[in-house]
Amino acid sequence: MNKSTFNILGWFVPAGIFALLLFGCERDITDLDTATYPTNPEVFINGFSGGLNYAAFGGSVPTAFNVDNEVTLNNSAAAMRFEVPDYNDPRGAYAGGTYFTGVGRDLSGYNALTFWAKASKDASLDVVGFGNDLGANRYTVSINGLNVNTNWKQYIIPIPDPSKLNTERGMFFYSEGPEDEKGYTFWIDEVKFEKLGTITKPTAAILNGQDNTVTAEIGENITLTGLTATANLPSGVDQSVNPTPYYYTFTSSNTSVATVSETGIVTIVGAGDAIITAQMGNTAASGSLTINSVGAAIQPSAAAPTPTVDASKVISMFSNAYTNVPVDTWNTRWLYSTAEEFYVQIAGDDVIRYRNLNFVGIEFTSQTIDATNMTHFHLDIWTPDPTNAPKNFKVQLVDFGANNTYGGGDDVSHEITITAPVLATQSWVSINIPLSNFSGLTSRAHLAQLVLSGDLPNVYLDNVYFYNSATPPAVPTTAAPTPTDSPANVISVFSNAFTNIPATDLNPNWGQGTVVTQVAIAGNNTLKYAGLNYQGIQLGSNQNISTKQFLHLDYWTANSSSLKVYLISPGPIETPYTLTVPSTGWASIDIPLSSFAPVDLSNIIQLKFDGNGDIYLDNIYFK
Amino acid sequence: MKITNKPTNIQAYAITLLLAITLWGGCKPDDFQKLDKRNWVLTWSDEFNGLAEELPDTSKWNFNVGTGSGGWGNQELQYYTDRSKNASMDGEGNLVITAYRESYAGSPFTSARINTQGLFEQKYGRFEARLKTPYGPGLWPAFWMLGSTITTEPWPQCGEIDIMELRGQQPNIINGTLHGPGYSGGNPISQSYAMPDNRFDTEYHLFAVEWDEEKIDFFVDDYLYQRIERDDVSGEWVYDNPFFIILNVAVGGNYVGFPTEQTPFPQKMIIDYVRVYQ
């Protein structure tokens, strides 16, 4: 074999993802192989073997690799030198690249890639291997974390199943970042494929050799991981490598339940049990995946009931009906929790689905919820699981206390257990829990966690919110605010605080249906319109209010959906002004008189209200 | 650092030579290294044909139990037990001595060591065992003999004949060794036999000595790789007494170093038979 006459013609760095370095060679004509694919085992001995190209990986330092004629193994002509950059090197974050041929080589007669390496300091090479051809990389094999030190040492990468490598183009690749943020240099020499009788006991594994069992359902995909192949090296130690799925032949024991692709992706296609196993060559791989398929997922056919509570009385965590507050996570994946969460749509409605639910933590610590003014906690759940007693579903709320963080001695919580007949199978159940029932939850000003648990492994969850159920009182419980305006600046129609216009008729008969009374609210005389359709006020005398700015009103209504106030001058000329109803307690308003144009402000004779509901009025005056 | 001795003329690589002999067909076996068959008469054997998990035949074998003195004199790490877990038949015609990485009676490993002391001892003859070795750094399997006079004469005066020893980190090399007065411990008379591209843990190999009043010949697969004659011994020739046989798998110790995290366990020495001829 020609070992020493290869010369580097040069290299160039095109723009793009990687830089391509080309090596040419002189080749002895007697080296020519008659085989379709050459079996040349040499990669780098005293120089590069024929037809080898180099490409630096994207993001790496393109010039990290050089041929070194000073530092070499056994004073040979050349070695490969790699300069790993420092952290934050502007040229690239790491050193990495692959050596590949244009024409594949038949490496099936070898069982190992061997090379020698040393480094300027103790280091762990991130990835070293072969089979990276910058294309499909079907038969990539790598070792992660290869320890090198300042002495030359030989390393051996066993080939998991050499029969696969009959047209391999990826001869060698590496990738290494800074060690403790510091760059350094390493050298590699004598890189070649070999057939070693001292490599023995090849084994292969999927799932790291474990026999795993999963519950799954139709449509789910599971990627087989933990692919390793191990052989015992001449030194008596086992060396594991990471092969690609293409080295394996995967088998499903029941393809009507699960199929498995050549890349190790399992697809669930039916109900029942199946076992996924694998072979590498003629060797059975250890590890298996037993699939218990429940078939198609059972899910609600209809959306959860749409909430009817007014948004103003709700703090919503999850509902399409409301604007939701931020929730950090709907599955904290706490230790021992088996819950999986899926965000699904049921009849166009967003729903959270939990599977394998034993318990699940839901956290909103970034922005805790102050539910002090709320009275109830609401959630809708749907489960396909049996709900007959004593099966239960538990709802726990956790308050982080004044420090707003977990711990610190001020956390409080309480858990409520729900059973049939509230629980039901395969129907939406609306759960409304009075917050007073959470007796241990002595504060709810810094709620930060919700924990769901119980005997229902499958739960669809929707409309999670706090709300205030208190029905507003039909009658004000407090008096209208006492006016602070100076009596000298006021022309008053109806107020205890001022002298009112004499002889005003508060209930002129204009054919209205409104029932007008005067009632004492917290000792304060108040004008009440019951069953308003419209209602006039006939002033005791014509009023010139052109020097005033505002009409002041205090009004209170729990049930009105429409309320307008009018000023009227002779003609009659009248203009309405719309008031916001229902009110939140007493509403005090100063209406600019300009709003009533073209009413003649120098000659006001009447006021009028129309709308609906029961209205309480007080402190009607111009100011 | 231990450096394997370079091969001498009689320690040439067996594979190469045997292959050459086979290919050249007409050539005679090497007069020196392929000895003529002799009329050996079987005097003792154990074919290990018991049922699976059966302990070694108590009429032929004793167990050494425990940690010995100073790890059997070698700072070995294992605890030798007499459990079938560590030494028993496999039901397929073999005795299996198995070393485990397990905490037992204060030791980090268990294994087994059996001997024929007081049950079978013989002076001169051919002693052979067909076996597969364990492997891995820190494993030290051995098929060897001690002089029966050890009950009255301390080692090394009693003499020791190591028919096969192997360091698990070099599973392609075995050693045949004599320890006697003036040439023991780190300074014995020893020769290694290496397979350049194969290992002793993958297939069965036959390890033997042929011993008479003049010499001891060491064989692997009937290939003579070492002859030690009475005159070759720098000290006293102490091989004119009956010797007894020992089989063991040590873990760690002066000879082999410590096992590493990467050493695979459990490790087995699988012995097809032990035969002795006169």
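A: Start with two words. Helices and strands here are runs assigned by DSSP: a helix (H or I) needs at least four residues, a strand (E) at least two, and both are numbered from the N terminus. By that rule, chain A has zero helices and 43 strands. Keep in mind that this is a predicted model.

How much of chain A is buried? Buried residues make up 38% of its 623 residues.

Next, confidence. Chain A has a mean pLDDT of 91, and 94% of its residues reach 70 or more. Residues 1-27 of chain A are another matter: there the pLDDT stays under 50. The model still gives that stretch 48 contacts beyond four places in sequence. Read them with care.

Now zoom in on one strand, E20 of chain A. It spans residues 265-268. In a regular strand the side chains alternate between the two faces of the sheet. Which residues of E20(A) are covered, and which are uncovered? Val266(A) and Ile268(A) form the covered face. Ile265(A) and Thr267(A) form the uncovered one.

What does E20(A) pair with? Strands of a sheet pair through backbone hydrogen bonds, either parallel or antiparallel. One partner of E20(A) is strand E15 of chain A, residues 221-223. Three bridges join them, and the strands run antiparallel. Within that pairing, Ile222(A) has Val266(A) as its bridge partner. Strand E19 of chain A, residues 258-260, also pairs with E20(A). That pairing is antiparallel too, over three bridges. Here Val260(A) is bridged to Val266(A).

Most residues other than glycine have a negative phi, and most peptide bonds are trans. Asn74(A) is not a glycine, yet its phi is positive, about 55 degrees. It lies in the loop between strand E4 (65-68) and strand E5 (79-84) of chain A. Is Asn74(A) buried or exposed? It has 9 C-beta neighbours inside 10 Å, so it counts as exposed. Then take Asn463(A). Its phi is positive too, near 50 degrees. But Asn463(A) lies in a strand, E33 of chain A, residues 459-467. It counts as buried because it has 27 C-beta neighbours inside 10 Å.

Now the peptide bonds. The bond from Val581(A) to Pro582(A) is cis, with omega near -10 degrees. Pro582(A) lies in the loop between strand E40 (573-578) and strand E41 (587-592) of chain A. The bond from Ala597(A) to Pro598(A) is also cis, with omega near 15 degrees. Pro598(A) lies in the loop between E41 and strand E42 (604-611) of chain A.

Finally, what does chain A touch? Ten of its residues are in contact with 16 residues of chain B. On the chain B side, these residues divide into four nonpolar, nine polar and three charged. The model scores ipTM 0.77 and pTM 0.64.

Of its 278 residues, 43% are buried. Seven strands of chain B form an open sheet, in the order E2-E7-E16-E9-E10-E11-E12, with antiparallel pairing. Strands E2 (62-64) and E12 (189-194) stand at the edges, each with a single partner, so one side of each lacks a neighbour in the sheet. On average, neighbouring strands of this sheet are turned by 15 degrees against each other, direction ignored. Inside the sheet, five bridges join E9 (residues 139-147) to E10 (residues 160-166) of chain B. One pair to find there is Trp144(B) and its bridge partner, Asp162(B).

Confidence again: chain B has a mean pLDDT of 87, and 87% of its residues reach 70 or more. Over residues 1-30 of chain B the pLDDT is below 50.

Notes
Residues are numbered from 1 along each chain as its sequence is written. Chains are lettered from A and ligands numbered from 1 in the order in which they are written. This is a predicted model: local features need pLDDT of at least 70, side-chain atom pairs count only at pLDDT 80 or more; totals for chains, interfaces and linings use all residues. Two residues are in contact if their C-beta atoms, placed from the backbone, lie within 7 Å. Ala, Val, Leu, Ile, Met, Phe, Trp, Tyr, Cys and Pro count as nonpolar, Asp, Glu, Lys and Arg as charged, and the others, Gly among them, as polar. A residue is buried if 20 or more other C-beta atoms lie within 10 Å of its own, exposed if 12 or fewer, and partly exposed in between; C-beta atoms are placed from the backbone. Two strands pair if DSSP finds at least two bridges between them. Axes are lines fitted to C-alpha atoms, for helices over the stretch in contact, and angles run from 0 to 180 degrees between N-to-C directions. pLDDT is the predictor's confidence in each residue, from 0 to 100.
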